[in-house]
Amino acid sequence: MKSLLIIIAALSTCIAWSCQAGSFAYISNQGNNTVSVIDLASNQVIASIEVGKAPVGVATSAALGRTYISNVDGQSITVIDSQHYQVLQELPLHGSPVGIALSPDSKTLYVADWFEDKVLALDTADLTQQRVVSVGKAPAGIIVSPDGKQLYVANRDSNDVAIIDTASMQIVSRIAVGEHPFGLGLSRDGKQLYAVNVYSNSVSMIDTQTLKVSTIKVGEHPYCVTVSTDGSRIYVTNTQSDNVSVIDASQQKVISIVPVGGYPEGISFDHANQRVYVANWFDNTVSVIDASNNKLIATIATDKQSRAFGQFIQETAH
Amino acid sequence: MKKLLALIALAVMPLTAAAHGPSPQKVEKTVTIKADPAKVWALIKDFGNMQKWHPAVASTKLETKDGDTYRLLTLKGGGTIYEKLRSADDADMKLKYEIVEGVLPVADYNSFITVKAGPGAGESTVTWVGRFYRVYKLNPPIPPGQDDESAINAVTGVYDAGLANLKKVAEGN
């Protein structure tokens, strides 16, 4: 009885504060300038939000109740209230934002500028407070270490990954990878960094302590990568073979190939449900893969030209 | 004078930018043909003879380099397009190719053509899909002819004309 009352109390608090327990995917749709919100419990699209022109990057924070979208042609960042699925602000930027990522404490939003070869660090409490670092050519994917001290940047046209000290916003090292690195992924313990090499059809696996690099071959024109909860599996979207390569991290080889929709781009791991979500640019859908058996279990219609570049799943606090 | 200023502006712009623009563009066109899928697929997969079905192509020159197959299309309106064969899959009746260089106002263009049986008996459905970027690689303002719209219009023109004539050729005897 007592526990029932607690549950009821908890539920009514939720209703009062309009809180949403569970996990949600924010899928940017380049072709009609929207973001589809998918409730991962039901795999249903529960909201569609209009954003800026040609949205691509996604970064989301349960702690802030915010989702940030980079609009590359709109030259702006859209700030979404992820409690109410409403746009709070569209922040104009000088350049062309693509990759976008949050620090683990959600205090800093990093934005890679594709054309101006720099990364901005924005204070999420006051987005006008910005720091900047110049990086290599065409910075694409970015990701922050679990302790927040390092920012990794894939410099697509320099064929390297830059490691930036976030306190000083200085480059501390540049690691040569394959040709045209685009998406980045990081194990939860921060020990393994993955860079997807679009032109080399490979993934570079970087030991973040020793900076040693090993290379794993994947499918055609790979784009993005995500890592399982325990770090043992790596998932890579192959845009021109319409599938996902599943890699065993310790063996450093592909153990499964999962057919998904056309031109799969963004990919994120749903840690709560042990599933993999893939945005299919050509099909205007999201594919859902069961991580326990690498089977496709659902296909969700989204909107035109879904990209979802970055870590697009928000795991909301309960 | 205005033109001259634009030219000067172009000249001082850094040429070290990304290999292509940030947003991929898509064109997808489909045609139904009253002809057997095997017959239609035979036309499509014949990589060295595109002039047999595309009305804008005057001649096709096939070549092999390092085990890869390429074709040089000479267009009736002048200019050439150099393309690389990615795959020709008989089971799926799917041809994949990409543009290496050419006169179309596109960058990083890759494409596939599929032939499927139906909707009716003895009919084929051909779908031609392209993914590509605009030519201009930097921030706006984008020079005329190098924007997304120019790229989409050019590819749409190629697909529409090609599929209409493919239908004509395949349905004729």
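This is a predicted model: local features need pLDDT of at least 70, side-chain atom pairs count only at pLDDT 80 or more; totals for chains, interfaces and linings use all residues.

Colleague: Which residues lie nearest the centre of the largest pocket?

Modeller: In chain A, strands E4 (55–61), E8 (97–102), E12 (139–144), E16 (181–186), E20 (222–227), E24 (264–270) and E28 (313–316) each supply at least two residues of the lining. Nearest the centre of this pocket lie A:Thr60, A:Ile143, A:His271, A:Gln311 and A:Ile313.

Colleague: Which element gives the largest share of the lining of the second largest pocket?

Modeller: About 610 Å³ of space lies in the second largest pocket. It is lined by 29 residues, and those closest to its centre are A:Tyr199, A:His221, B:Glu98, B:Asp108 and B:Tyr109. Two or more lining residues come from each of strands E4 (80–89), E5 (94–102), E6 (107–117) and E7 (124–133) of chain B. The largest share, five residues, comes from E5(B).

Colleague: How many residues of the lining of the second largest pocket are charged?

Modeller: Two of the residues closest to the centre of this pocket are B:Glu98 and B:Asp108, and Glu and Asp both belong to the charged class. Over the whole lining there are 13 nonpolar and seven polar residues, and the number of charged residues is nine.

Colleague: Which three residues supply 29% of the area that chain A buries against chain B?

Modeller: The contact takes 30 residues from chain A and 27 residues from chain B. Between them the two chains bury about 2,200 Å², with 43% of it on carbon and sulfur atoms. The three residues of chain A that supply 29% of its buried area, more than any other three, are A:Phe115, A:Tyr263 and A:Phe282.

Colleague: How many salt bridges are counted between chain A and chain B?

Modeller: One pair joins B:Lys96 to A:Glu220, with the closest N and O atoms 3.9 Å apart, and it counts as a salt bridge because the cut-off is 4 Å. Another salt bridge joins A:Asp242 and B:Lys94, also given as 3.9 Å, N to O. In this second pair, A:Asp242 lies in the loop between strand E21 (233–238) and strand E22 (243–248) of chain A, whereas B:Lys94 lies in strand E5 of chain B. Between chain A and chain B the count is four.

Colleague: With which side chain does the side chain of A:Lys118 make a polar contact?

Modeller: A:Lys118 lies in strand E10 (residues 118–123) of chain A. Leaving aside residues up to four places away in sequence, it touches several others, including A:Asp113, A:Ser134 and A:Pro139. The polar contact of its side chain, at 3.1 Å, is with the side chain of A:Glu116.

Colleague: Is the peptide bond from B:Gly118 to B:Pro119 cis or trans?

Modeller: Most peptide bonds are trans. B:Pro119 lies in the loop between E6 and E7 of chain B. With omega near 10°, the bond from B:Gly118 to B:Pro119 is cis.

Colleague: What is the phi of A:Asn43?

Modeller: Most residues other than glycine have a negative phi. A:Asn43 lies in the loop between strand E2 (34–39) and strand E3 (44–50) of chain A. Its phi is positive although the residue is not glycine, with a value near 55°.

Technical notes
Residues are numbered from 1 along each chain as its sequence is written. Chains are lettered from A and ligands numbered from 1 in the order in which they are written. Side-chain values use heavy atoms; hydrogens and water are left out. On a 1 Å grid over the protein atoms alone, a cavity is a set of points where a 1.4 Å probe fits but cannot get out, and a pocket is an open set with protein on both sides within 12 Å along at least five of seven lines; lining residues have an atom within 4 Å of a point. Helices (H or I, at least four residues) and strands (E, at least two) are DSSP runs, numbered from the N terminus. Grid points are joined across faces, edges and corners, and a volume is the space filled by probe spheres set on the points. Contact means heavy atoms within 4.5 Å. Buried area is the accessible area (1.4 Å probe) that two parts lose on being put together, summed over both. A salt bridge is a side-chain nitrogen of Lys or Arg within 4 Å of a carboxyl oxygen of Asp or Glu. A polar contact is a pair of N or O atoms within 3.5 Å; within protein, one must be able to donate a hydrogen and the other to accept it, and residues adjacent in sequence count only if both atoms are side-chain atoms.
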